[in-house]
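Here are my notes on this one, jotted down as I went through the model. Have the structure open while you read.

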Amino acid sequence: MNLTQLLTRFRQTVTAYAGDEALMQAGVSAAANVIVADGEVAGAEFETALTGVLASPILEKGYDVLMLEEALYEAIGRARTRAGRTDNLRRVAAIAGRAGEQREGVFLVAADVADHDGIAEVEHAALAEIAAALLVNKAALLQTVPARTAIRRVTA
């Protein structure tokens, strides 16, 4: 292991224990925009978002469940307005310079939230905005995970 790799690993470990606010905000904000996209806030979507965000080893070590729940509720509250959804997208875009693994992880949490009953057109639109903010390939990432059902049509 060279010095650069050692320093990178050390920085990641320190970040994990200190909490990574930007990564946490990106995760809950992306999930919130998808949760609110179809006009409903389903309990199952909330639980999927929380489980997905907690799956990050960095966030799991830096935040407890209550802190993440509070952050997710706040992000959902913001997502109820256009200005709030835009604010959430800014929080998502804040990690655009990060490693692809982190950006893809945030996108896939949002995709899992959208895919409870198939991904509705409005959820596809929200996922497209999130993918653009994260600089990831939406179509390629959605193909990596089998869809639960076909696209459903929802008007909000």
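1. Let's start with Asp20, which counts as buried at 7% relative accessibility (buried is under 20% relative accessible area, exposed over 50%, partly exposed in between, with a 1.4 Å probe and protein chains only). Asp20 sits in the loop between helix H1 (3-18) and helix H2 (21-37); helices here are DSSP runs of H or I, at least four residues, numbered from the N terminus.

2. A quick word on what you're looking at. This is a predicted model, where local features need pLDDT of at least 70, side-chain atom pairs count only at pLDDT 80 or more, and totals for chains, interfaces and linings use all residues. Residues are numbered from 1 along each chain as its sequence is written, and side-chain values use heavy atoms, with hydrogens and water left out.

3. What does Asp20 pair with? Arg98 forms a salt bridge with Asp20, with the closest N and O atoms 2.8 Å apart (a salt bridge is a side-chain nitrogen of Lys or Arg within 4 Å of a carboxyl oxygen of Asp or Glu). This pair links distant parts of the chain, 78 residues apart, since Arg98 is in the loop between H6 and helix H7 (100-114). Arg98 is partly exposed, at 28% relative accessible area.

4. How many salt bridges does a search of the whole structure find? It finds 3. Besides the Arg98 pair with Asp20, Arg78 meets Asp87 at 3.8 Å, N to O, and Arg91 meets Asp87 at 3.4 Å, N to O. Arg91 and Asp87 are 4 residues apart in helix H6, which means about one helical turn between them. Arg78 is buried at 16% relative accessibility, while Asp87 is partly exposed at 24%.

5. Now look down helix H5 (residues 65-79). Leu68, Ala71, Leu72, Ala75, Ile76, Arg78 and Ala79 are buried there. They cover an arc of only 155 degrees around the axis, so they sit on the same side of H5 (the arc is that of the directions from the helix axis to the C-beta atoms). On the other side of H5, Leu66 and Tyr73 are exposed. The cover over the buried residues includes H2, helix H3 (43-54) and helix H6 (82-93).

6. Most residues other than glycine have a negative phi. Leu135 is in the loop between helix H8 (121-134) and helix H9 (138-144), and counts as exposed at 59% relative accessibility.

Definitions and conventions. Helices (H or I, at least four residues) and strands (E, at least two) are DSSP runs, numbered from the N terminus. Contact means heavy atoms within 4.5 Å.
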